[in-house]
Amino acid sequence: MTKVMPPKPPARPDKVPLWRYVKLFRQDILSAQPARLYRAWMAEFRTPFFRSFLVNQPDLVKLLLKERPDDFPKSDRIAEGLKPLLGNSVFLTNGADWKRQRRIIDPAFEGGRLKDTYPAMRAAAEAAVKRLEGRKGPVEIEGETSHAAADVIFRTLFSIPIGHEVAGEVFTRFRDYQRSQPLLNLAAFVPLPRWMPRFFRGGTRRNAETIRALIAQLTAERMAAIEAGRAPDDLATKIMTTRDPETGSTFDTAEMVDQVAIFFLAGHETSASALAWALYLVALYPDWQERVAAEAAVLEDESFAAVSRLKNSRDVFRETLRLYPPVPMMVREAACSEHFRNRAVPKGAQMVLSPWHLHRHERLWENPNGFDPARWGTENGKQCQRDAYIPFSAGARVCTGAGFAMVEGPLILSMILRRFRVEPVAGRAPVPVAHLTVRSKNGIWLHLSER
Ligand code: HEM
């Protein structure tokens with residue numbers, strides 16, 4: 001029997017003309033890259049328009065993200081595709097603005113708060129299982145996990161389920177917004193010259209405005225509830241009432257709209273992508289599926305403590321984030337000129353960090369393209385987890401929701417597998433492509449049967 005391998009997109013030939021590179025880039029940034037990046041420590045892309053460097057060497061990644069983050073701020077260019085929706089949110093800002101925003105947001109995600117958030121997460125997981133009951137024929141699971149992850153965000157942030165009218169509309173509008181965003185890949189990674197016009201397909205801006213208006217409505221209502229002393233104790237209330245310890249200021253309603261937009265985007269797209277891939281992987285590897293399903297019996301206990309006992313589920317989810325990191329690449333800008341690996345890196349160069357390549361680096365990982373959740377217990381796995389594993393980024397700008405996501409992901413995975421057996425659908429193997437997150441070209445299809 002041949003061993004099944006998790007799907008990996010084809011790499012492009014090593015040398016291609018620029019026009020072809022740009023074209024490939026527009027289609028998908030993963031298959032636009034040559035195979036040598038899975039072995040390289042650093043690579044340079046030099047074109048008439050831009051110079052960028054992909055950094056794949058653990059100590060350089062550490063230097064950029066952890067040791068000198070202020071010298072490698074987020075590149076302004078990333079903001080281009082997302083600005084209409086995200087405004088001045090913590091995902092896009094730099095410097096003093098960003099530091100203040102993190103001081104206000106971070107306390108809402110501290111360890112202790114996760115326990116308070118848990119009942120809302122669990123309710124969303126139960127609702128997801130219910131939606132899957134009685135489904136006949138193949139199910140496109142990415143749509144289901146997006147629904148579930150958006151539900152988690154609305155319940156934990158605003159204490160409303162996705163069935164709420166405004167929540168449901170934000171979710172649907174957002175899906176359309178993404179579909180109308182062809183330039184995002186390109187604008188994010190290739191610094192287009194300033195003079196080149198930016199095209200947003202008809203409807204993109206309008207959709208962004210509608211989403212923001214809906215979020216503004218939720219936020220204004222919440223502000224009024226806080227002032228009237230009748231606000232529920234959820235993430236929105238926590239963030240809107242936290243004072244910056246340095247200045248004593250809180251977010252005003254407008255600032256909060258930007259932050260809610262990013263929580264919605266960063267918090268549901270990513271988790272949805274990881275969950276869908278996790279379900280596909282356990283469909284390919286039934287032995288792991290059975291382990292997760294058996295262990296899920298601990299969820300009879302509805303308390304937060306039960307989650308810590310989902311060890312197999314966590315290992316599977318962690319392995320999924322390695323093979324299919326929802327944020328496959330991140331871009332920073334060199335604020336000063338540098339010298340890395342005997343190469344001059346000019347000021348203003350784009351520095352690309354690629355979890356996608358780092359997590360499958362052939363010189364670092366044993367069995368880099370294989371699915372092996374047991375690796376986290378091995379010496380190589382532990383070493384690589386420290387040095388070459390950054391699904392949530394690292395350092396000062398690490399994902400605020402990392403702890404949250406590591407509860408939500410294994411919980412929903414276990415809740416679904418406790419109830420259903422999942423199998424791949426013949427002839428519909430997914431092909432990974434990078435949209436806003438790593439998704440499958442034609443959806444991820446599974447057969448579900450009740451246990
Ligand atoms: C599996 C799920 C998730 C993954 C893989 C993930 C990954 C990431 C990554 C890689 C970044 C850094 C991006 C960059 O520097 O360019 C990031 C930032 C961020 N994430 Fe997540 N994320 C996940 C879930 C969440 C959730 C659930 C929330 C909130 C509820 C969240 C909120 C944020 C925010 C606010 C930032 C911006 C932080 C900053 O720039 O200071 N994420 N995430």
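**Helix packing and loop residues**

Visitor: Where is S313?

Guide: S313 lies in helix α13, where helices (H or I, at least four residues) and strands (E, at least two) are DSSP runs numbered from the N terminus. This is a predicted model, in which local features need pLDDT of at least 70 and side-chain atom pairs count only at pLDDT 80 or more, while totals for chains, interfaces and linings use all residues. Residues are numbered from 1 along each chain as its sequence is written, and side-chain values use heavy atoms, with hydrogens and water left out.

Visitor: Is S313 buried or exposed?

Guide: S313 has a relative accessible area of 0% and is therefore buried, a term for values under 20%, with exposed meaning over 50% and partly exposed in between (1.4 Å probe, protein chains only).

Visitor: And what is S313 in contact with?

Guide: Leaving aside neighbours within four places in sequence, S313 is in contact (heavy atoms within 4.5 Å) with V292, E295, P410, L413 and S414.

Visitor: How do α13 and α16 cross?

Guide: The axes of helix α13 (residues 311-323) and helix α16 (residues 402-419) come within 9 Å and cross at roughly 115 degrees. Here axes are lines fitted to C-alpha atoms, for helices over the stretch in contact, and angles run from 0 to 180 degrees between N-to-C directions. The two helices α13 and α16 are therefore roughly perpendicular to each other, on a scale where angles under 35 degrees count as roughly parallel, over 145 as roughly antiparallel, 65 to 115 as roughly perpendicular and the rest as oblique.

Visitor: Which residues make that contact?

Guide: From α13 come S313, R314, V316, F317, R318 and L321, and from α16 come A405, M406, G409, P410, L413 and S414. By class, the contact of α13 with α16 divides into seven nonpolar, three polar and two charged residues; Ala, Val, Leu, Ile, Met, Phe, Trp, Tyr, Cys and Pro count as nonpolar, Asp, Glu, Lys and Arg as charged, and the others, Gly among them, as polar.

Visitor: What about α5 and α6, at what angle do they pack?

Guide: Helix α5 (residues 111-132) and helix α6 (residues 141-158) pack at an angle of about 150 degrees, with their axes 9 Å apart, and α5 and α6 are therefore roughly antiparallel to each other. Their contact has ten nonpolar, three polar and four charged residues.

Visitor: Switching to α15, which residues are buried there?

Guide: In helix α15 (residues 379-387), the buried residues are N380, G381 and C384. They cover an arc of only 95 degrees around the axis, taken from the directions from the helix axis to the C-beta atoms, which puts them on the same side of α15. The face turned away from that buried side carries the exposed residues E379 and R386.

Visitor: Where does S159 sit, and what is its phi?

Guide: S159 is in the loop between α6 and α7 (165-179), and S159 has a positive phi of about 60 degrees although it is not a glycine. Most residues other than glycine have a negative phi. S159 counts as partly exposed, at 37% relative accessibility.

Visitor: Last one: where is F251, and what does F251 touch?

Guide: F251 is in the loop between α10 (235-241) and α11 (253-284), and F251 is buried, with a relative accessible area of 1%. Not counting residues up to four places away in sequence, F251 touches R100, Q101, I104, I105, M223, I239, M256 and Q259. The C-alpha atoms of F251 and Q101 are separated by 8.4 Å, although these residues are 150 residues apart along the chain.
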